[in-house]
Amino acid sequence: MDYRAVFNVSAAGMDVEKLRLDTAALNLANMDASAAPGTTPFKPLRVVGQAGVPSFHHWMNVEDLARASSLPHAVVVESDAPPRIVHDPADPHADANGDVRYPGVNHTGEMLTVMNALRAYEANVAALGAAKAMASHALDIGGQS
Amino acid sequence: MNDFIAPTAPIVGIGDGVASVDAPAVAPAGSFATWFDHQVSELDTQMASAEKGVQQLAAGDAASLHDVMIRMEEAKLAFHLAVQVRSHLLDAYQEVMRMQV
Amino acid sequence: MSLIDPVTLSLMKSALDASAMRQAAHATNIANAGTPGFQPFAVTFEENLGDVRAAIQDGTLASLDARDLPAAHLVAQPGAQPVQLDAEVAAMSANALHYQALAHVLSQQYALVSLAMSGDH
């Protein structure tokens, strides 16, 4: 890979954080979708990040190069958090006990995820900007004679 | 007075008795010639290096931009120097040729 | 041929390489900020310059062998530690500026050399 590898890393990082953001938004949107008795409520999704290090082969020593394989990426998995139970016999989705089942979405947790994902996303954007500024200045070497 | 100008054989044709620009025999023990030869071969190396850098950039293999730019700049300066030296030598030669004898 | 002192030039190139490596390290660390078990990267360069610094102070840098100058190294930290996002971003900004300063200064040196060669032509 060449000098552009550093741009790809940041782009991949942005993708992961954007996925985190979208997943949290999806969970929050489905928070209040109760499930009829006998059906499964929406299962909150979690993003599991997987390390990726592009091969900066011209710089890395052999051991690190062996571990360098790819760009950072993530997979979305269903969380097995138990449904949130609310006792409301009047609700159309109440079961025999009068309990209504909602998706096991942790509101505070999801909001925290949104904030952290946003911060990390912006950090990746900053990294991309810095790399671009540096490359742009490298092009000016010898430009004055 | 005659210490400065050594007696020369009569000049019968253009180019007779005048050293070529490429190997100025007036240099003491050829040290300038040696230096210039060295510069020319170094210039060759640097231009080859610069060209390789450009090729790698085009092929997507350039490890770093500053490396490519530095190699190009070095080659440019080396070439510039060679041109300047040649230009000055040529000026000196033409000035000698203009001298009334 | 280089009309800039070769040792100074070599040091400048190493510094530029180190800075570029550092940017790669920061970008990689930041991109993997949310990844459990990730080993952050760092670059060693200035720490290895002990003798060089002394030579600069004495004004004897030009007498060193350009090939003996320490190079920069991209190393992964031994254990997995959480990435300190704000520290990475701050260090990265400082590094970006440093790189630009090096590139600009090198450019100025080349311009001086070119000027010296042009003379009255």
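## Handedness of a helix crossing

A crossing of two helices is called left-handed if the near helix is turned anticlockwise from the far one by less than a right angle, and right-handed if it is turned clockwise. In this predicted model, the crossing of helix 3 of chain A and helix 1 of chain C is left-handed.

## How the two helices pack

The axes of helix 3 of chain A and helix 1 of chain C, the latter spanning residues 6-31, come within 9 Å and cross at roughly 160°. Since angles over 145 degrees count as roughly antiparallel, helix 3 of chain A and helix 1 of chain C are therefore roughly antiparallel to each other.

On the chain A side, the residues of helix 3 that take part in this meeting are A:Ala123, A:Asn124, A:Ala127, A:Ala130, A:Ala131 and A:Met134, and their counterparts in helix 1 of chain C are C:Gln23, C:His26, C:Ala27, C:Ile30 and C:Ala31. Sorted by class, the residues of this helix-to-helix contact comprise eight nonpolar and three polar, with no charged residue.

The contact between chain A and chain C draws on 35 residues from chain A and 30 residues from chain C. On the side of chain A that touches chain C, at least two residues are supplied by each of helix 1 (5-29), strand 1 (45-50) and helix 3 (107-138), and helix 3 gives the most, with 12 residues.

By class, that side of chain A holds 20 nonpolar residues, together with 11 polar and four charged ones.

## A buried glutamate in chain A

A:Glu17 belongs to helix 1 of chain A. Is this residue buried or exposed? A residue counts as buried if 20 or more other C-beta atoms lie within 10 Å of its own, and A:Glu17, with 28 other C-beta atoms within 10 Å, is therefore buried.

Leaving aside residues up to four places away in sequence, A:Glu17 touches A:Ala117, A:Ala120, A:Tyr121 and A:Asn124.

## Chain B

The secondary structure of chain B consists of two helices and zero strands. Buried residues make up 18% of the 101 residues in chain B, and among the contacts in this chain with a separation of 6 or more, 46% are between residues 24 or more positions apart.

Conventions:
Residues are numbered from 1 along each chain as its sequence is written. Chains are lettered from A and ligands numbered from 1 in the order in which they are written. This is a predicted model: local features need pLDDT of at least 70, side-chain atom pairs count only at pLDDT 80 or more; totals for chains, interfaces and linings use all residues. Two residues are in contact if their C-beta atoms, placed from the backbone, lie within 7 Å. Helices (H or I, at least four residues) and strands (E, at least two) are DSSP runs, numbered from the N terminus. Ala, Val, Leu, Ile, Met, Phe, Trp, Tyr, Cys and Pro count as nonpolar, Asp, Glu, Lys and Arg as charged, and the others, Gly among them, as polar. A residue is buried if 20 or more other C-beta atoms lie within 10 Å of its own, exposed if 12 or fewer, and partly exposed in between; C-beta atoms are placed from the backbone. Axes are lines fitted to C-alpha atoms, for helices over the stretch in contact, and angles run from 0 to 180 degrees between N-to-C directions. Angles under 35 degrees count as roughly parallel, over 145 as roughly antiparallel, 65 to 115 as roughly perpendicular and the rest as oblique.
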